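Please consult the sequence and the structure shown here alongside the text.

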Amino acid sequence: MKTSITYPEAFDLFNKYVKTEYLRKHMRETEMIMRRLANHFDKDEEFWGITGLIHDLDLDIIGEDLHLHGYKAVELLKEEGYDLQEMYEAIISHTEGLTDAKRTTDFHYILAAAENITGMITAYVLILPDKKIEGVKVKSIKKRLKQLRFAASVNREFIYAIEKTGISLDEFIDISISAMQEIAEEIGM
């Protein structure tokens with residue numbers, strides 16, 4: 001069993017298992033946000049980015065069977081020959097509420113917040129006339145967070161819980177917008 005994973009290896013798995021276009025965009029957005037947050041928290045950017053890239057590796061396979069979410073991704077990674085316990089725990093814990101998993105570490109809270117903020121930012125961009133992320137402001141996203149019917153499937157609790165890690169909500173949103181802007185062309189924004 002390999003106890004580490006390289007970005008090319010992770011990207012190969014991403015290409016092998018993830019076919020749905022919106023899911024591919026979401027996972028790349030999560031990767032970029034996790035990379036930025038790793039730098040903010042002085043952590044391993046590559047490891048955090050890879051975790052963001054493959055956190056939903058199983059969604060195209062499990063379909064509507066969400067009680068398998070996270071667990072199936074870990075199973076796939078193990079079948080591919082990896083033993084990545086810290087990553088596995090984060091991938092499983094980001095499914096809290098869908099499964100019996102629980103977030104217990106800063107890394108868990110950060111992944112769950114990062115993957116949820118992508119949905120809020122994307123939904124906001126889609127209502128803009130030009131549908132471009134350029135110029136999106138933190139205050140606009142915060143305003144929409146308070147509107148529970150807007151992007152209703154986004155888990156706001158997970159986004160707000162980012163403050164448990166020592167970063168403010170404003171800074172988290174700013175980092176997230178900036179990270180997504182970096183790949184705006186790729187994600188069609």
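Leu-68 lies in the loop between helix H4 (59–62) and helix H5 (71–79); helices (H or I, at least four residues) are DSSP runs numbered from the N terminus. The model is predicted, so local features need pLDDT of at least 70 and side-chain atom pairs count only at pLDDT 80 or more, whereas totals for chains, interfaces and linings use all residues. Residues are numbered from 1 along each chain as its sequence is written, and side-chain values use heavy atoms, with hydrogens and water left out.

**Leu-68**
- With a relative accessible area of 33%, Leu-68 is partly exposed (between buried, under 20%, and exposed, over 50%; 1.4 Å probe, protein chains only).
- Leaving aside residues up to four places away in sequence, Leu-68 touches Asp-58 and Ile-62 (contact means heavy atoms within 4.5 Å).
- A separation of 21 Å lies between the C-alpha atoms of Leu-68 and Ile-110, which are 42 residues apart along the chain.

**Helices H3 and H6**
- H3 (residues 45–54) and H6 (residues 85–93) pack at an angle of about 40°, and their axes are 10 Å apart (axes are lines fitted to C-alpha atoms over the stretch in contact; angles run from 0 to 180 degrees between N-to-C directions).
- The contact involves Phe-47, Ile-50, Thr-51 and Ile-54 of H3, together with Glu-86, Met-87, Ala-90 and Ile-91 of H6.

**Helix H7**
- The 22 residues of H7 (residues 106–127) should span 32 Å at 1.5 Å a residue, which agrees with the 32 Å between its end C-alpha atoms (expected span: 1.5 Å times one less than the number of residues).
- H7 is mostly covered, as 17 of its 22 residues are buried.

How values were computed. Helices (H or I, at least four residues) and strands (E, at least two) are DSSP runs, numbered from the N terminus.
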